[in-house]
Amino acid sequence: MAPKGDDGRDGYLAFVESHQHRLLRAAYLICGNQHQAEDLLQDALLKLALRWGSVRNADPSAYVRAILYRDSVSWWRRRRREWLSAAPPDQVAHDRDGALRLTLHDALGLLPPRQRAVLVLRYYEDLTEVATAEALGVTVGTVKSQCHAALRRLREVAPDLARDTRGSQGSADLASGAEVNP
């Protein structure tokens, strides 16, 4: 029997402690700004806390991810004229992977929020098209078209990503977009 007044606080705290870093990384990839990502995650965790009783037995991380992506798009719509950017790194990465990461980060920053969200969910979070559609509250067709448009735009703004000659599967994935998560 649960102690008197137990409202699931311990379960909520355990969830936050075990998932906050992964959720923060996803928020950062969506919005491209560390401070905004922290704010988005904080707001999402607050909304989760308010609904913890009804969400805790389902999939709370999916609930939080959906809030992150929807709030990010809402934030962008409200403030689309203001462009925030993170401070440049203190030292330049000398390795090829670091340069590719920076190129990808810059290219993702040029995408509209919905396309960025679709790419992050599909290729970073490794969700299926159906799961991505559910998280964003759109149809599977919208996910497919947004993913196609986003990959095409990435090829336009960052051709170096498609020309990565290291022989890795990741460069082929960006080139066609069809090999990952069919």
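**Close-up views of a predicted all-helix chain**

**Figure 1. Overall architecture of the protein chain.** The protein chain has 10 helices and 0 strands (DSSP runs, H or I of at least four residues for helices and E of at least two for strands, numbered from the N terminus). This is a predicted model, in which local features need pLDDT of at least 70 and side-chain atom pairs count only at pLDDT 80 or more, while totals for chains, interfaces and linings use all residues. Residues are numbered from 1 along each chain as its sequence is written, and side-chain values use heavy atoms, with hydrogens and water left out. Of the 182 residues in the protein chain, 37% are buried (under 20% relative accessible area, with exposed over 50% and partly exposed in between; 1.4 Å probe, protein chains only). Among contacts (heavy atoms within 4.5 Å) with a separation of 6 or more, 63% join residues 24 or more positions apart.

**Figure 2. The aromatic cluster of Tyr12, Phe15 and Trp52.** Rings of Phe, Tyr and Trp (its six-membered ring) pair if their centres lie within 6.5 Å; planes under 30 degrees apart count as stacked, over 60 as edge-to-face and the rest as tilted. By this rule the count comes to 2 aromatic pairs. Tyr12 and Trp52 are edge-to-face, at 5.6 Å centre to centre and 75° between the planes. Tyr12 belongs to helix 1 (residues 9-31) and Trp52 to helix 3 (residues 52-55), so this pair ties together parts 40 residues apart in sequence. Tyr12 is buried at a relative accessible area of 16%, and Trp52 is buried at 7%. Phe15 and Trp52 form a tilted pair, with 5.8 Å between centres and 40° between the planes. Phe15 is also buried.

**Figure 3. The salt-bridge network of Arg22, Arg65 and Glu125.** The whole structure contains 5 salt bridges (a side-chain nitrogen of Lys or Arg within 4 Å of a carboxyl oxygen of Asp or Glu). In the bridge between Arg65 and Glu125, the closest N and O atoms are 4.0 Å apart. Arg65 lies in helix 4 (residues 60-78) and Glu125 in the loop between helix 6 (113-124) and helix 7 (129-136), so the pair ties together parts 60 residues apart in sequence. Both Arg65 and Glu125 are buried.

Figure 4. Arg122 is buried, with a relative accessible area of 3%, and forms a salt bridge with Glu129 at 3.9 Å between the closest N and O atoms. The side chains of Arg153 and Glu156 meet in a salt bridge of 3.5 Å, N to O. Arg153 is partly exposed at 33% relative accessibility.
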